[in-house]
Amino acid sequence: MDNLPPMDLMRSEKMSFVQLIIPVESAHRAVSYLGELGLLQFRDLNADKSPFQRMFVNQVKRCAEMSRKLRFFKDQISKAGLLSSVRPVTQPDVELEELEIQLAEHENELIEMNANSEKLRQSYNELLEFKIVLQKAGSFLVSSGTHAVSERELDENVYSNDDYVDTASLLEQVEKTVFVVFFSGEQAKSKILKICEAFGASFYPVPEDITKQRQITREVSSRLDELEVTLDAGIRHRNKALASIGVHLVKWISMVRREKAVYDTLSMLNFDVTKKCLVGEGWCPIFAKAQLQAALQRATFDSNSQVGIIYHVMDAAESPPTYFRTNKFTNAFQEIVDAYGVARYQESNPSVYTVITFPFLFAVMFGDWGHGICLLLGALVLIARESKLGTQKLGSFMEMLYGGRYVLLLMSLFSIYCGLIYNEFFSVPYHIFGLSAYKCRDTTCSEAKTTGLVKYQDPYAFGVDPSWRGSRSELPFLNSLKMKMSILLGVAQMNMGIILSYFNARFFGSSLDIRYQFVPQIIFLNSLFGYLSLLIIIKWCTGSQADLYHVMIYMFLSPTEDLGENQLFWGQRPLQIILLLLAMIAVPWMLFPKPFILKRLHTERFQGRTYGILATSETDLEVEPDSARHYDEDFNFSEVFVHQMIHSIEFVLGAVSNTASYLRLWALRYDNLVIRLVGLAMFAFATAFILLMMETLSAFLHALRLHWVEFQNKFYHGDGF
């Protein structure tokens, strides 16, 4: 097996720890080119410093200030009802300093235009108020004649719709009330003005002479017309300026984000004052060495530096980060696994198997080829339009569907397959693969829904015979079939998880884990549930009427008792006794040896009775991390023993609960016969929006739990970074 080529995605990429010595003049281009590759993860060598103590703090501040200006432009464009260009026109690249000047000029211009527009709008509103006051007060003065009124307050006159003060798109409309106050004496005038000021009222002098009122009204109206023209011209000029900004806004935002990321990364590097260079350290995949060196050489050439960048591979004691090379097909499955936990460096990656097992277990629960076709059509639409959808900004729900389009594709294909096995098309059976194996034995059996059916030919070619649907024995037959099938699938997947733990232990060179975890676990699981799976297969093949519940229960209660009619094969009783003894032996086998052997190895190591070659950090990476921790840290026997005890108890109890958990594969299958009784419109609505969506979500979540809990806990640590 060691001679076989490595499987893609089976283990994370091998990493190397590198040191870069970069001349100052090449630093910016080097980090920028490395960022385009995305294959180097820098360590923060200034973790003990605050952000304000770092070397490139001023550049980071400048980028943050430019980001603020760009957000201001975006907000102004949105308020003006304009759209920024998603695909900006091509323009020559600008330097950061030049862009900073441009943004400052645009901001100052916009602020000045907004201020001027606000002043004009305020003047316009004041004149409009004055005009309305003249109209309202003038009509009152005309109607009241020349009678002297010592002190009188008019009833409030609320504006009609035409009297709202228009504040365009910058401000909201404000409803105001016109009132007139007559007074006598300067002292009263002073008090009235103070009251008006206190309540935020604007006051305007209205002459009593009708001629003067008309003259002032004409002047105000003329001035209002001029202001309207000026305001419209200002808005057009402002929108034109915003449109010119919007053309380049997406590109500018991307550029500023990129520059800020570059300077944030440069702030993680150390500055060597004597050699005038920056020193950086980080992790990169081994396969990327040539690409990184080529990028660094290009940075040296483009920056006209006389000194090249030094790329030096170093040793490191810490565990490397985890990196997987994925594509648009495998990425979604890797994210499903990473949501549980990122793989430990170089441990077996569950996503290799999740690509098939996840959509298959989903389909076992979903299993309807009519619903599967609906899912398939949705997945094909997303895949056909992936180039267009990939460039658009999608909502959270659509983005999730788009990211999982290939998961949906496989889920739909497996659902069609399982639906054909269950013979369900929107819960209706069809004679797709020939005639039923059953027929009526006489003329009294007119429909295949009652007793009287007899088998007259070979079994139905593929899947469940449609004659079972609606028969009296439908529920016991289908429940028995799907429950037993669920147990077989569950035991198979749990066995695969335990086998993967063997490959993990073998890869990391941990023979203790093979002898005292893998072997007893595989024995315990298969002595009980592997044996149950064997009984299910034998019962199916032989057509026996044995009660498997009775067999398994009395295997524990009375292992020596005669099985009688429940015996499926010769030698079953002694085999059960042997398997029960093996299961009982496997529990202490898992629990006791490993902690005591680790204690002995630790004692011998410090008593000087064992010697070995001092391991370099590179060889340390090949050792299973748990085992390495026992030798590098203080050994606490009680802690190790308790940990092993918890692990053993968890496995023993989990073997039972996990097997029972796979019964959800059977329990989620149901017959929605009621739906067939409603009208076609209700059926379509219920299928599309209730059954299809809710059943898809339910089956997805259950499949997710089966992978995270029942499968991955057998071998997957998921504590990497």
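**Entry 1: N304**

I found N304 in the loop between helix 6 (289-302) and strand 9 (310-314). I take helices (H or I, at least four residues) and strands (E, at least two) as DSSP runs, numbered from the N terminus. This is a predicted model, in which local features need pLDDT of at least 70 and side-chain atom pairs count only at pLDDT 80 or more, while totals for chains, interfaces and linings use all residues. I number residues from 1 along each chain as its sequence is written, and side-chain values use heavy atoms, with hydrogens and water left out.

I noted a positive phi of about 55 degrees for N304, although N304 is not a glycine. Most residues other than glycine have a negative phi. N304 is exposed, with a relative accessible area of 62%. Buried here means under 20% relative accessible area, exposed means over 50%, and partly exposed lies in between (1.4 Å probe, protein chains only).

**Entry 2: the loop between helix 7 and helix 8**

I looked up Q346, which lies in the loop between helix 7 and helix 8. Q346 is not a glycine, yet its phi is positive, about 70 degrees. Is Q346 buried or exposed? Q346 counts as buried, at 4% relative accessibility.

R344 is in the loop between helix 7 (331-340) and helix 8 (351-366). R344 has a relative accessible area of 7% and is therefore buried. I checked R344 against P320: the two are 24 residues apart in sequence, and their C-alpha atoms are 9.0 Å apart in space.

**Entry 3: the whole chain**

I went through the chain and found 22 helices and eleven strands. Of its 721 residues, 41% are buried. For contacts with a separation of 6 or more, I noted that 79% join residues 24 or more positions apart. Contact means heavy atoms within 4.5 Å.

**Entry 4: helix 2 and helix 5**

I looked at how helix 2 (residues 57-79) packs with helix 5 (residues 210-266): the angle is about 150 degrees and the axes are 9 Å apart. The axes are lines fitted to C-alpha atoms, for helices over the stretch in contact, and angles run from 0 to 180 degrees between N-to-C directions. Helix 2 and helix 5 are therefore roughly antiparallel. The classes are roughly parallel for angles under 35 degrees, roughly antiparallel for over 145, roughly perpendicular for 65 to 115, and oblique for the rest.

The crossing of helix 2 with helix 5 is left-handed. Left-handed means that the near helix is turned anticlockwise from the far one by less than a right angle; right-handed means clockwise. Among the residues in contact I listed C63, M66, L70 and F73 of helix 2, and L242, I245, L249 and W252 of helix 5. The contact of helix 2 with helix 5 has 13 nonpolar, four polar and five charged residues. Nonpolar covers Ala, Val, Leu, Ile, Met, Phe, Trp, Tyr, Cys and Pro; charged covers Asp, Glu, Lys and Arg; the others, Gly among them, are polar.

**Entry 5: S267**

I placed S267 in the loop between helix 5 and strand 7 (270-272). S267 is buried, at a relative accessible area of 6%. Which residues does S267 contact, leaving aside its neighbours within four places in sequence? They are N46, R54, F56 and V60.

**Entry 6: I132**

I found I132 in helix 3 (residues 96-144), where I132 counts as buried at 4% relative accessibility. V178 is 46 residues from I132 along the chain, and their C-alpha atoms are separated by 7.9 Å.

**Entry 7: helix 8 and helix 12**

I checked helix 8 with helix 12 (residues 405-422): their axes come within 8 Å and cross at roughly 45 degrees. Helix 8 and helix 12 are therefore oblique to each other. Their crossing is right-handed. The contact includes F358, F362 and F366 of helix 8 and L410, F414 and Y417 of helix 12.

**Entry 8: helix 13 and helix 20**

For helix 13 (residues 474-507) and helix 20 (residues 637-661), the axes come within 10 Å and cross at roughly 145 degrees. I487, M494 and I498 of helix 13 touch F651, A655, N658 and T659 of helix 20. This contact has five nonpolar, two polar and no charged residues.

**Entry 9: annotated spans**

I looked up the unreviewed UniProt entry, whose annotation "transmembrane region" covers residues 358-383, 404-422, 485-505, 517-538, 575-592 and 673-694. UniProt positions are given in the numbering used here, feature names are shortened, and annotations may be inferred rather than shown by experiment. Residues 517-538 are 100% helix and 0% strand, with the end C-alpha atoms 30 Å apart. Residues 575-592 are 94% helix and 0% strand, with the end C-alpha atoms 26 Å apart.
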